[in-house]
Amino acid sequence: MSQKVLDDSKKLRYPQQPHGGELVNQVLAGEELEAALEKANHLPMIMVDLEAVITLEMIATGVLSPNKGFMNEADYKSVLTEGRLSNGVVWPVPLSFAPIGDKNKEIIKSLKVGDEIALADHSRQPVAILTIEDIFDYDREFRAEQLFGTTDRDHPGVDSIYRRMGDTALGGTIHLLRRVHWGPFESIRMEPKETWKLFYEEKKFNSVGGFITGANPLHRGHEYIHRNALEELDGLFVQPLVEMAKREYTRHEFRMLAYRSVLETYYPKERTILAPLRVTYIFAGPREAVLHALIMKNYGCTHALIGRDHAGIGDYYDKYAAHNIFDTFKPEELGIDIRLFHEVFYCTRCDSPASEYTCPHDDKYRINISGTGIRELLRYGILPPKEIVRPESARIAMQGIQPKGIDENQVAINPVGKTIKSIFPFYLKNERLGGAKRKQELEPEQLTIEDLIAVTRDVRENADRVYRDIYNEFTYVTDVNRSAQDDWVTEARETIHRHQEMVVENLEEKVEQAPETASDEFMYQDKQEAKKELDVARKIFEDLSTPIQKDQLEYRTWNTLPYERYRGSDE
């Protein structure tokens with residue numbers, strides 16, 4: 001029997017508890033392991049793919065507590081239809097095992113409840129032993145419709161069901177015999193039993209925010225969420241997903257390195273923990289958001305940080321489906337504080353990341369933070385603006401993007417216009433960032449790589465200039481100590497004033513000389529037209545920015561009492 005990994009006396013003092021009350025441990029060790037390995041050599045063997053191997057490890061190490069194996073039919077159907085195990089405990093996605101392959105099918109035909117089988121990976125080495133507790137028919141269409149809300153094979157989760165799943169499911173408890181080496185992630189991998197100890201015994205945290213992230217390198221939208229959490233919580237636990245990403249994503253090794261480079265430079269080291277999360281991509285949209293929240297809970301997190309389109313897939317789910325699904329569960333059922341964050345963009349007028357709930361400014365000032373758009377910029381060989389991705393992250397991510405570069409038609413995964421619209425939508429309506437509206441909006445289909453380069457250069461040059469220019473104007477009219485200002489600004493304004501005064505004086509003389517009626521209306525002006533010119537020149541003079549010299553600002557410094565009185569002197 002596997003042993004408890006959390007001490008009961010300590011666990012009661014923790015600010016969090018595992019989902020279902022007990023952190024599962026189905027990893028065999030010592031004499032139990034030796035006996036099980038010997039037994040496995042004499043058991044029927046079923047071959048499993050990498051996704052199944054990853055799932056076995058997640059179950060065994062408690063990541064998917066309270067599950068101890070693959071679900072029986074009652075739990076399986078209850079989860080699909082109700083989002084709960086048959087005992088009522090919240091669980092959003094089924095853990096099922098329906099092997100494919102002719103040899104596997106032959107073995108399955110010979111099995112009955114109570115049998116044990118060895119599960120082996122591609123090397124034919126046993127990974128786990130499954131004790132069969134249920135055998136039932138596996139309906140792929142039913143699973144797809146209930147879990148994903150669609151049977152469309154273009155949905156990657158649906159496609160995975162039809163590619164990976166057979167006709168008969170085996171339910172039962174598993175025991176893990178062998179851990180798979182995680183390659184470059186092996187040295188930083190963490191099991192739940194380690195994070196509970198780290199958070200609550202070593203670091204003495206009272207609260208931890210969990211953040212699970214997928215296919216994109218760390219961008220400023222992620223960072224906005226992290227910093228909001230760190231203002232309130234003791235710790236932040238960041239888990240980039242590794243393995244099983246779609247081919248057009250950023251390879252997980254480079255995503256992890258991108259995270260490491262930013263975290264070590266910009267985050268508080270004692271309060272931020274980074275560890276890979278090796279999971280199978282379920283592509284279940286809002287249900288997967290709930291799963292991730294429960295995984296965070298099983299790692300010991302008290303709070304789950306959920307972004308706008310968490311685990312979203314194309315247009316299959318509503319914009320905020322990953323938020324709305326949490327309304328179907330009571331907080332005490334989930335047992336983890338869900339923090340929902342809306343879509344984040346960078347407002348150059350605010351000069352900060354913002355959302356629709358915090359920013360009042362027009363779209364012409366915004367740069368969108370689109371994960372897909374960022375990946376496309378990297379593919380086109382362009383470093384994204386620093387306002388949406390830190391260069392430390394993007395530089396490394398570009399090396400891991402796949403496919404790399406563009407095709408023979410100079411196009412990446414998405415057309416150029418779609419990429420521009422996703423990150424720089426202002427370009428379609430405005431001539432430049434914060435600029436005037438175009439006479440006619442541009443159509444994304446019309447845009448070329450030259451447009452992408454042009455808008456990128458515009459943003460690089462002007463994104464931080466918008467607020468800087470506004471600030472400079474405020475400093476000029478506010479600084480009483482004029483030493484803080486550059487003389488040439490005042491000199492330029494004085495020159496403009498002097499020149500416009502000259503124009504006004506000249507026109508005043510012209511008005512005096514002008515006849516009431518011009519002898520030739522095409523060649524000469526009458527007095528009325530000359531007066532109009534003068535009126536305009538005077539208005540221009542009034543509208544000019546005022547040059548400010550030090551002696552003009554003496555009136556701004558005044559006190560009702562002698563200065564020493566403000567220092568506390570009674571004299």
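Residues are numbered from 1 along each chain as its sequence is written, and side-chain values use heavy atoms, without hydrogens and water. In this predicted model, local features need pLDDT of at least 70 and side-chain atom pairs count only at pLDDT 80 or more, while totals for chains, interfaces and linings use all residues.

**Exercise 1.** Classify the ring pair of Trp196 and Tyr200.

*Solution.* Rings of Phe, Tyr and Trp (its six-membered ring) pair if their centres lie within 6.5 Å; planes under 30 degrees apart are stacked, over 60 edge-to-face, and the rest tilted. By this rule there are 12 aromatic pairs. For Trp196 and Tyr200, the centres are 6.0 Å apart and the planes stand at 55°, so the pair is tilted. Both residues belong to helix H8 (residues 192-202), and because they are four residues apart there, about one helical turn separates them. Helices are DSSP runs (H or I, at least four residues), numbered from the N terminus.

**Exercise 2.** Classify the ring pair of Phe199 and Tyr200, and state whether each residue is buried or exposed.

*Solution.* With 5.9 Å between centres and 85° between planes, Phe199 and Tyr200 are edge-to-face. Buried means under 20% relative accessible area, exposed over 50%, and partly exposed in between (1.4 Å probe, protein chains only). Phe199, at 0%, is buried; Tyr200, at 8%, is also buried.

**Exercise 3.** Identify which charged residues lie over the ring of Tyr476.

*Solution.* The criterion requires NZ of Lys or CZ of Arg within 6 Å of the ring centre and within 35 degrees of the ring normal. Arg482 lies over the face of Tyr476 at 4.7 Å from the ring centre, and the charged end of Arg493 sits over that ring at 3.9 Å.

Note on methods: Helices (H or I, at least four residues) and strands (E, at least two) are DSSP runs, numbered from the N terminus.
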